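User: Could you help me learn to read helix packing and buried cores in a protein model? I'd like the general idea, then the case at hand.

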Amino acid sequence: MTLSALTVLVVGLVAVVILVVGLWAYATANRLDRLHVRSDLAWQSLDSALARRAVVARAVSAATRSNLDASRRLAALADAAERANRDDREDAENAVSMALAALDPADLPPQLVAELADSEARVLIARRFHNDAVRDTLALRATGPVRLLHLGGTASLPSYFEIAERSASETFGHEGRAVQRTSSRVVLVDERGRVLLLRGHDPTVPEVYFWFTIGGAVESGENLRDAAAREVREETGLHVAASELKGPMWRRVATFPFNGTLLRSEELFFAFRTQEFEPEHAGFTDLERRTVTGHRWCTEDDIRSLAATGETVYPQDLAELLDEVNIVLARRVEPEVRAIR
């Protein structure tokens, strides 16, 4: 028995369709798996941010003396939020938010206000990344072909996490409690993959040293990229065209006291590769001359060694982030901005 040409054609077409559908299903299932992993990791990050806020909330409770009932209630709510299961977590965390809102930040030490504001900023960022991951996962799981072919398997559907967000002015209590600042920073790496870090200290706390990347506040009328190029020139003597910077690639929000002022700093990070050179600091301001005590080209291991000595490196996890910098510099397209610590 011989097959006609039409039969062979039909069988061939059916085989091609089955192959295409199979490849699509395989690729989609893999993508779904990655989305679920992303959602799980985003929840772990959010859970960590909420746990840190609970720790800060208990510290706030211990420091509050003007309203002992509210203080004890805040501590109890923070404990309950940490122990709450996933279904009850939103209500428990919202209760902590309301209890924090009932306290007067003016009664707290500035350092503790900074810790609270920073912890709430981390929760805000982590929640948004979590909900973005959930949205993307649910969008793909809801499509007809995915449901028809059961490509989601037995994985449970992720769910959004909704809690009230407080503005910076609400966290700090009143206008002027914290100075809002936007900064451009540059991860300056040499041909060996080392990053240039400055060493300095708060002029009011000269015994505590830390390390940080090149950068500073964006001046009035400047854009982020121009500010980054200016900071590189002023802090190192290296002239870089703003258009040659890659980024911004990272966004970091931190609240901290510095030189007697409480700052809420939003930092955007660019990347640039150069040949090793000896930095010049002729462009330093008077405050920077009193703050910066040295510099160093650092490898990943160097950064870890510095952290091991008790001298903090900012941003956190910079050693692990250097590989990402090299990837950003190697690509022609600009990177998407993502949040870091």
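This is a predicted model: local features need pLDDT of at least 70, side-chain atom pairs count only at pLDDT 80 or more; totals for chains, interfaces and linings use all residues.

User: How are two packed helices described?

Analyst: Two packed helices are described by the angle between their axes and by how far apart those axes lie. Here, helix 1 (residues 5–63) packs with helix 3 (residues 89–101) at about 35°, and their axes are 12 Å apart. The crossing of helix 1 past helix 3 is left-handed.

User: Which residues of helix 1 and helix 3 meet?

Analyst: From helix 1 come Trp 43, Asp 47, Leu 50, Ala 51, Arg 53 and Ala 57, and from helix 3 Arg 89, Glu 93, Val 96, Ser 97 and Leu 100. By class, that contact holds six nonpolar, one polar and four charged residues.

User: Now helix 9: which of its residues are buried?

Analyst: "Buried" means under 20% relative accessible area. In helix 9 (residues 300–308), Asp 302, Ile 303 and Leu 306 are buried. Viewed down the axis, the buried residues of helix 9 fall within an arc of 100°, so they line one face of the helix. Asp 301 and Ala 308, on the other side of helix 9, are exposed.

User: What do the buried residues of helix 9 pack against?

Analyst: Their partners include strand 2 (195–202), strand 3 (205–212) and helix 10 (318–330).

User: And how many residues are in the largest nonpolar core?

Analyst: That core has 22 residues, and Val 186 and Phe 272 are among those with the most contacts inside it. Elements giving two or more residues to this core include strand 1 (179–189) and helix 7 (224–236). Beyond its sequence neighbours within four places, Val 186 contacts residues including Ala 228, Leu 245 and Phe 272.

Terms used
Residues are numbered from 1 along each chain as its sequence is written. Side-chain values use heavy atoms; hydrogens and water are left out. Axes are lines fitted to C-alpha atoms, for helices over the stretch in contact, and angles run from 0 to 180 degrees between N-to-C directions. Helices (H or I, at least four residues) and strands (E, at least two) are DSSP runs, numbered from the N terminus. A crossing is left-handed if the near helix is turned anticlockwise from the far one by less than a right angle, and right-handed if clockwise. Contact means heavy atoms within 4.5 Å. Ala, Val, Leu, Ile, Met, Phe, Trp, Tyr, Cys and Pro count as nonpolar, Asp, Glu, Lys and Arg as charged, and the others, Gly among them, as polar. Buried means under 20% relative accessible area, exposed over 50%, partly exposed in between (1.4 Å probe, protein chains only). The arc is that of the directions from the helix axis to the C-beta atoms. A nonpolar core is a set of buried Ala, Val, Leu, Ile, Met, Phe, Trp, Tyr and Cys residues joined through side-chain atoms within 4.5 Å.
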